[in-house]
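Subject: Structure handover

Hello,

Here is the structure we talked about. Please open it beside this email and follow along.

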Amino acid sequence: MKKLLVTMLLVAATAATAHAGLKVVGKGDAMRLDPSSFPPNMKANYEIVRVKCVKCHTLERTIVAIQTGVAPISGQPFDRNATKAYGIKMLRKPDSNMTKAEVKASVDLMNYLLAEAEK
């Protein structure tokens, strides 16, 4: 029983620090990122995501996908290939109201966040 407890504590400790590169504020639908440590260009990209993407879904969906590497709705891997595919999908959605530049900025931010989450 003692071994099980120690093992579970070790797993919990490593899981909590696995994505230390992302500063997340809030929970559930109120979940968002703390962009204070982002480079200036990524802060600008975050503003685009914060304004445009939340018209259709919460930031929680994106943050969970970045943290886990799995898209919450489809269950598919969420990696650099997926961010590009989601960008193309957003361009094709008539209600997204996103320009190519805004989609590129969003994809760049997600790729940056994926790299940060891996640290």
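The largest cavity has a volume of about 60 Å³. A cavity here is a set of points on a 1 Å grid over the protein atoms alone, where a 1.4 Å probe fits but cannot get out. Grid points are joined across faces, edges and corners, and a volume is the space filled by probe spheres set on the points. The count is one cavity of 30 Å³ or more.

Some ground rules. This is a predicted model, in which local features need pLDDT of at least 70, side-chain atom pairs count only at pLDDT 80 or more, and totals for chains, interfaces and linings use all residues. Residues are numbered from 1 along each chain as its sequence is written, and side-chain values use heavy atoms, with hydrogens and water left out.

**The cavity lining**

Which residues line the largest cavity? They are Leu33, Tyr46, Val49, Leu59, Thr62, Ile63, Leu109 and Leu113. A lining residue has an atom within 4 Å of a point. Helices H2, H3 and H5 each supply at least two residues of this lining. H3 gives the most, with three residues. Helices (H or I, at least four residues) and strands (E, at least two) are DSSP runs, numbered from the N terminus.

**Helix H3**

H3 covers residues 59-68. Its buried residues are Leu59, Thr62, Ile63, Ala65 and Ile66. They cover an arc of only 160° around the axis, so they sit on the same side of H3. The arc is taken from the directions from the helix axis to the C-beta atoms. Buried means under 20% relative accessible area, exposed over 50%, and partly exposed in between (1.4 Å probe, protein chains only).

What do the buried residues of H3 pack against? Their partners are strand S1 (24-25), strand S2 (32-33), helix H2 (40-52) and helix H5 (100-118). Contact means heavy atoms within 4.5 Å. Just after H3, Gly69 takes a positive phi of about 80°.

**The largest pocket**

The largest pocket holds about 580 Å³ of space. Of the 26 residues that line it, the closest to its centre are His57, Arg61, Thr62, Tyr86 and Met90. A pocket is an open set of points with protein on both sides within 12 Å along at least five of seven lines. H2, H3, helix H4 (80-92) and H5 each supply at least two lining residues.

Ala105 is found in helix H5. Ala105 is buried, at 7% relative accessible area. Leaving aside neighbours within four places in sequence, Ala105 is in contact with Asn45 and Ile48. Ala105 and Val49 are 56 residues apart in sequence, yet 8.2 Å apart in space, C-alpha to C-alpha.

Asn111 is also found in H5. Asn111 is buried too, at 10%. Its side chain makes a polar contact with the side chain of Thr83 (2.6 Å). A polar contact is a pair of N or O atoms within 3.5 Å; within protein, one must be able to donate a hydrogen and the other to accept it, and residues adjacent in sequence count only if both atoms are side-chain atoms.

**Cysteines**

How many disulfides are there? A search of the whole structure finds zero. A disulfide is a pair of cysteine sulfur atoms within 2.5 Å. The sulfur of Cys53 is 8.3 Å from the closest cysteine sulfur, in Cys56, too far for a bond. Cys53 is buried, at 15%, whereas Cys56 is exposed, at 57%.

Best wishes
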